[in-house]
Structures are given as structure tokens and as C-alpha cells.
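Here are a few exercises to work through with the model open beside you. Try each task before reading its solution.

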Amino acid sequence: MIRCIAIDDEPLALRQIAGYIKKTSFLELAGLCESALQAIEVLHSTPVDLMFVDINMPDLSGMDFVKTLENPPLVIFVTAYSEYALEGFRVDAIDYLLKPISYVDFLKSANKVKSWIDTHRQKKMR
């Protein structure tokens, strides 16, 4: 299982991501956060493999939040703003989803993460 959290200040978007996580057999929802500050607390207490992160949030943007993490989990940005995509990949995001997202697009991104994790686990076993 891939343990993940969703971070978004929009309740509807957060519920949608949570629903997509719950219907994806290899993902496990470890937490829902309405802000990056709340996510910091969750990361200190819960092991997480993947974060779905909104970018435009009050107090601390999702992009700035990811940049503050010394060893961040894998990241998929989920945002309405395409102009941050290049910066997203510069912080090693696995993928970048534009809102509104369909389950098909979500699943493609989740499968990309699963492949990445499976590949890295195999390399460690060698």
C-alpha cells in the first residue's frame, strides 16, 4: 500500500481527492489537510509515501511547503494553475494535475507513482 495525504484548502477538492484515493486499491488515505501547516503536523506523526498538494493556499503555498521539506514524500501537485508546472517538476514532483481532475487522470498519476515505487524497491533489493 502507498500511504498518502491530500492537502487542499478547498473542501470540495479535498473530498474529491479523498474519494479517488479510497477507490484506488493500492492507495491508503493517511490524512486530509486543509493547509500546509496542518500537513507539517501530520508528516511529523504519520509515515507518508505520497502527497497530493494544492499550490495556491493561504499562509504557505503548496510549492513553498514542498520546498521546506528536507526529505519529502513523493509529490503530485493538484492545482487550477498551469503556470506552476515547470517549478513543480523542479522540486521533483512525480506529476502535475490540473483541476478539475477526472478519476482517469488521477489514476494515471497514481499508477506513475506505483511504478516509481516498485522500480525503486527492486533496485534496493539488488
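## Exercises on a predicted model

The structure you are looking at is a predicted model.

**Exercise 1.** Work out which residues of H1 are buried and where they sit around the helix.

*Solution.* Start with the helix itself: H1 covers residues 11–22 and spans 16 Å from first to last C-alpha, close to the 16 Å expected at 1.5 Å a residue. Next, pick out its buried residues, which are Ala13, Leu14, Ile17, Ala18, Tyr20 and Ile21. Looking down the axis of H1, you find these buried residues within an arc of 160°, so they line one face of the helix. Finally, turn to the face away from the buried side, where the exposed residues Leu12, Arg15 and Lys22 are found.

**Exercise 2.** Find the strand order of the open sheet, then its edge strands.

*Solution.* The five strands run in the order S2-S1-S3-S4-S5, with parallel pairing. S2 (27–33) and S5 (95–98) each have a single partner strand, so one side of each lacks a neighbour in the sheet. From one strand to the next, the twist averages 20°.

**Exercise 3.** Decide whether Thr46 is buried or exposed.

*Solution.* Locate Thr46 in the loop between H2 (36–45) and S3 (50–53). Its relative accessibility is 17%, and the cut-off for buried is under 20%, so Thr46 counts as buried. Beyond neighbours within four places in sequence, Thr46 is in contact with Arg3 and Ala30.

Technical notes
Residues are numbered from 1 along each chain as its sequence is written. This is a predicted model: local features need pLDDT of at least 70, side-chain atom pairs count only at pLDDT 80 or more; totals for chains, interfaces and linings use all residues. Side-chain values use heavy atoms; hydrogens and water are left out. Helices (H or I, at least four residues) and strands (E, at least two) are DSSP runs, numbered from the N terminus. The expected span of a helix is 1.5 Å times one less than its number of residues. Buried means under 20% relative accessible area, exposed over 50%, partly exposed in between (1.4 Å probe, protein chains only). The arc is that of the directions from the helix axis to the C-beta atoms. Contact means heavy atoms within 4.5 Å. Two strands pair if DSSP finds at least two bridges between them. Axes are lines fitted to C-alpha atoms, for helices over the stretch in contact, and angles run from 0 to 180 degrees between N-to-C directions.
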